[in-house]
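Here is a short tour for anyone meeting this model for the first time. Have a look at the structure, then read on.

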Amino acid sequence: MSASSHPTPNRTVAENGGKPVSGRADFQGALAWISLGLAILIGSITMDRLEAQDVNPYTIPGLMPGLLGIAMMILGSLLAARSWRRGLSRGAAHDPTARRAEYRHLALVLVLCLTFGGLLVGHGLPFWLASELFVSTAIPCLQGPQRRAAGQKLTWRTIAVAAVIGLAAGGIITLVFQKIFLVHLP
Amino acid sequence: MLAGLAELGHAYMGFLNLTSIVYGLGGALIGITVGCLPGLSATLCIALLTTLTIKFEANDAILILICSYVGTLYGGSRTAILLNIPGTAANAASCADGHALALRGEAGRAIGIATSGAFTSTLFGVLCLATVTPLLAEVALKFGAYEFFWLALFGVTMSGSIVGNDPLKGWLMGALGLFVAQIGQDGLYAHDRFTFGWSQLAGGIALIPALVGAFGFAEILTTLADPIERKLVEMKDSVLPRFREVVQYWPTVLRSGVIGVLTGLMPGVGEDAGAWMSYAAAKAASKEKDQFGKGSIDGLMAAETGDMASIPGHIIPCLALGIPGSAPSAVLMAAMIIHGIQPGPMMMIEHPQFVYDVVAMTTLAMCSILIFGLFLVRPLLLVMRVKRTILMPIIFLLCTVGAFAGASRLFDIYSMLTIGIGAFFLRRHGYQMAPFVLGLVLGGLLDKSLRRGLVLSDGSILPFFTRPICIAFASITIFTMLLYIPAFKNAVKSVTGAIGSVLSRCLRSKAG
């Protein structure tokens, strides 16, 4: 028996974000897999076979990636055929308003995380300060939509609490990792 | 045999000191706390602690990691019971009956059952770990390049087949993991593959940042994408472990322990498989099937014992074969390598004492969860009241540190972010991360084994299909994949059906 053959709402939510995967999404995914497999196969075929070093032809570096590229193309084709056979419009019904709100929320989280991980950290700013800036911005940004939905407004107190939490988090992480456990921080 | 017992005794004595006990309790406490927080997995906890303990002695670091592994899975049951959200994927099976008990005002009893079930099943798993690992390692000494090739392929295929509900997507993720492992310098000639002249990629994609991305950052995105804050059920009754119920439901405990360990032995399957299979077996054997999902003690006991027994089960192939049984054990294996201990068939020769040390560490973890189950249930529940909008940004800080600390490269943070975003969207489309992780871990082994095997056989693929162990692995792998083809599946069904009807006729005629 498969571990996942039991219907559990929580498991489904965790795995698929609470939404059934549409046939169209599966088909588009399959095309992406086939393209990736093809790109890997081409990359493997054109890869240096180290003939100048007189290596055994059975040990050329592109052998395994090439086989994996072929495997991806076969599996991708099977996925494409399956999603086509089951119908591209299957399970595609979504509430567009809810979806837009979710995407907006997701975009906000991504912008916050990518700004911290890609720009703030490791570019001259001390880690504790970068952490303080990130946490004190992230908490009000993430709580804002929830509060608006509940008919409440963001208060100065929330912003001040967020700043304190940010300072504490950055300080404690720096202290514990860098000073106590001697782990190098970005 | 006697030498093994002596080494086991030596291992237990080695951990009977204040430092080890404090490390063990600390690891378990961190694990339980992380397990209580929905969305944070055992993989993330072990990955973050690996970076934190990088300067520790090998045995101390692995002790903390094993205790946190056991603690996380145990802690996850509380969230399942009180919030109806599994703290980790392995606790999903505990949600239905555990939360139903909580709604009836028996939350403390449910937690007590989880504690006693976790303790008993980990004890059973520890016994299997001590006895099976040396035997399996002895068999694995006979493995050559051909066997390792099939073992790696078998692991990725089985993981893809069993984890999730779509084998095709599981295999695709396994293939992706195997491919990502090929990026960087190859293992035989140090030739750059798919690096596009980028020197940072020559070292390959490191395992810890990839896992932190796939299980940490992706979880943060998943958690924050769901705006609903769940309500905690109040707990009024006693949370003391219920060992009387362990005795009462001993067939369930024993059956689930065996299932947990056996599923643990399967590469890359994960702890949730042990829980679900134990739950299904308990339901099939129970006289009160209708109570399952409505607060069945039998169901909760089966789910909790199944997932906890699978932890030592996952460590067995990790130590004996160098093939991790689950994503958390993959990080554990990476941590062992970081600390200079190479898991695999040579371990019983190079570090024979270490296997018994791991047995002692798991025993210490088991005792730690019992202590916290007795004394620290209510204070630890406070962590579940912290809002996700506060917790998740802090967890992201830890993910960034965890990705960076291993090699002090900013590139690892970018890998973590890229893999995390990719994992988030792939999960939303029904793709599982466990086969990807296993592919990432086994990619190097698969590549080297194939090329070495081909050199040894001078280009012939016959030895890959004619050696006894290869035949077994190849048959199971190919059979599993062929089952996806409807015509083959129907043929297998009709054959097994025909055999079943012949057997039942024979039995009836004998009985008559």
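## Helix 14 of chain B and what follows

Helices here are DSSP runs of H or I with at least four residues, strands are E runs of at least two, and both are numbered from the N terminus. Keep in mind that this is a predicted model: local features need pLDDT of at least 70, side-chain atom pairs count only at pLDDT 80 or more, and totals for chains, interfaces and linings use all residues. Residues are numbered from 1 along each chain as its sequence is written, while chains are lettered from A and ligands numbered from 1 in the order in which they are written.

Helix 14 itself covers residues 297-320 of chain B; at 1.5 Å a residue its 24 residues should span 34 Å, and its end C-alpha atoms, 35 Å apart, agree with that. (The expected span is 1.5 Å times one less than the number of residues.) There is a kink of about 25 degrees at Ile311(B), shortly before the proline Pro312(B); the bend is the angle between axes fitted to the seven residues ending at a residue and the seven starting there. Because 24 of the 24 residues of helix 14 are buried, the helix is largely enclosed by the rest of the structure. Buried means 20 or more other C-beta atoms within 10 Å of a residue's own, exposed means 12 or fewer, and partly exposed is in between, with C-beta atoms placed from the backbone.

## Two loop residues

Ala190(B) sits in the loop between strand 1 (184-185) and strand 2 (192-193) of chain B. Its phi is positive, near 55 degrees, though it isn't a glycine. With 10 C-beta neighbours inside 10 Å, Ala190(B) counts as exposed.

Phe196(B) is in the loop between strand 2 and helix 9 (199-202) of chain B. Phi of Phe196(B) is near 50 degrees, again positive in a non-glycine residue.

## The nonpolar core

Which residues have the most contacts inside the largest nonpolar core? They're Val70(B), Leu211(B) and Val437(B), in a core of 208 residues. Helix 4 of chain B (residues 58-83) gives the most to this core, 15 residues. Such a core is a set of buried Ala, Val, Leu, Ile, Met, Phe, Trp, Tyr and Cys residues joined through C-beta atoms within 7 Å.

## Where the chains touch

The contact between the chains takes 64 residues from chain A and 63 residues from chain B; two residues are in contact if their C-beta atoms, placed from the backbone, lie within 7 Å. On the side of chain A that touches chain B, helix 3 of chain A supplies the largest share, nine residues.
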